[in-house]
Amino acid sequence: MDGKVQGINGVSAETPIPLITPYKLGKFQLSHRVVLAPLTRQRSWNNVPQPHAILHYSQRTSKGGLLIAEATGVSDTAQG
């Protein structure tokens, strides 16, 4: 044995997990590769995000992470 601790699926404890390793995306240096995709939360007024969206997204962000905040419906009939 080489003294390395074996983890799940035989991967050593020293092997980095790609999802939580730093990544450079254009001019952005991300601390990990977890991205929150755009959300359409249907809580906008006239398709404009309201102040409460700040709290919603601040609870889901992390330092050095990428968060794509809002998406809009492609048409009024797409609002559900």
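**Entry 1: the nonpolar patch**

I started with the surface and looked up a nonpolar patch of about 380 Å², made by Ile17, Leu19, Ile20 and Val34. A caution to myself: this is a predicted model. Leu19 counts as partly exposed because its relative accessibility is 48%. For the chain as a whole I noted an accessible surface of about 6600 Å², with 62% of that belonging to carbon and sulfur atoms.

**Entry 2: overall layout and confidence**

Next I wanted the order of elements. I read β-β-β-α-β from the N terminus on, which gives one helix and four strands in the chain. How much of the chain is buried? I get 10% of the 80 residues. On contacts, I took those with a separation of 6 or more, and 47% of them are between residues 24 or more positions apart.

I also looked at the confidence. The average pLDDT of the chain is 78, and 79% of the residues score at least 70. Among the elements, strand 2 has the highest mean pLDDT at 93, while helix 1 (residues 52-58) has the lowest at 85.

**Entry 3: His32**

I went to His32, which sits in the loop between strand 2 (28-30) and strand 3 (35-36). Is His32 buried or exposed? I have it down as buried, because its relative accessibility is 16% and the cut-off for buried is under 20%.

What does the His32 side chain reach? I found two partners to write down. One is the backbone nitrogen of Val34, at 3.2 Å. The other is the side chain of Ser62, joined to that of His32 by a polar contact of 2.7 Å. I note that Val34 also belongs to the nonpolar patch from my opening entry.

I then listed what His32 touches, leaving out residues up to four places away in sequence: Leu19, Ile20, Thr21, Pro22, Ser62, Gly64 and Gly65. Two of these, Leu19 and Ile20, are patch residues.

**Entry 4: Thr21**

I picked Thr21 from the His32 contact list. Thr21 is in the segment before strand 1. I marked Thr21 as buried because its relative accessible area is 17%.

Where does the Thr21 side chain go? I traced it to the backbone oxygen of Pro18, at 2.8 Å. I also found a polar contact of 3.2 Å between the side chains of Thr21 and Arg33. With residues up to four places away in sequence left out, I count Pro16, Ser31, His32 and Arg33 as the residues Thr21 touches.

**Entry 5: Pro22**

I moved on to Pro22, which lies in the segment before strand 1 (23-25). Buried or exposed? I wrote down exposed for Pro22, because its relative accessible area is 55%, and exposed begins over 50%.

Leaving out residues up to four places away in sequence, I find Pro22 touching Gln29, Leu30, Ser31, His32 and Arg33. I also took the C-alpha to C-alpha distance from Pro22 to Arg33: 6.9 Å in space, with the two residues eleven apart in sequence. Both Thr21 and Pro22 therefore have Ser31, His32 and Arg33 on their contact lists, going by heavy atoms within 4.5 Å.

Thr61 is in the loop between helix 1 and strand 4. I put Thr61 down as partly exposed because its relative accessible area is 45%. How far is Thr61 from Val35? I read 9.3 Å from C-alpha to C-alpha, for residues 26 apart in sequence.

Gly73 lies in the segment after strand 4 (66-67). I have Gly73 as partly exposed, since its relative accessibility is 29%. Its C-alpha is 8.1 Å from that of Asn47, and Gly73 and Asn47 are 26 residues apart in sequence.

Notes:
Residues numbered from 1 in each chain as written. Heavy atoms only, no water. Helix = DSSP H or I, 4+ residues; strand = E, 2+ residues; numbered from the N terminus. Buried < 20%, exposed > 50% of the residue type's maximum accessible area, 1.4 Å probe, protein only. Polar contact = N/O pair within 3.5 Å; in protein donor to acceptor, adjacent residues only side chain to side chain. Areas by Shrake-Rupley, 256 points an atom, 1.4 Å probe, with all protein chains shown as cover. Patch = residues over 30% accessible without salt bridge, like charges linked within 9 Å, V, L, I, M, F, W, Y side chains within 5 Å. Salt bridge = Lys/Arg side-chain N within 4 Å of Asp/Glu carboxyl O. pLDDT = per-residue confidence, 0-100.
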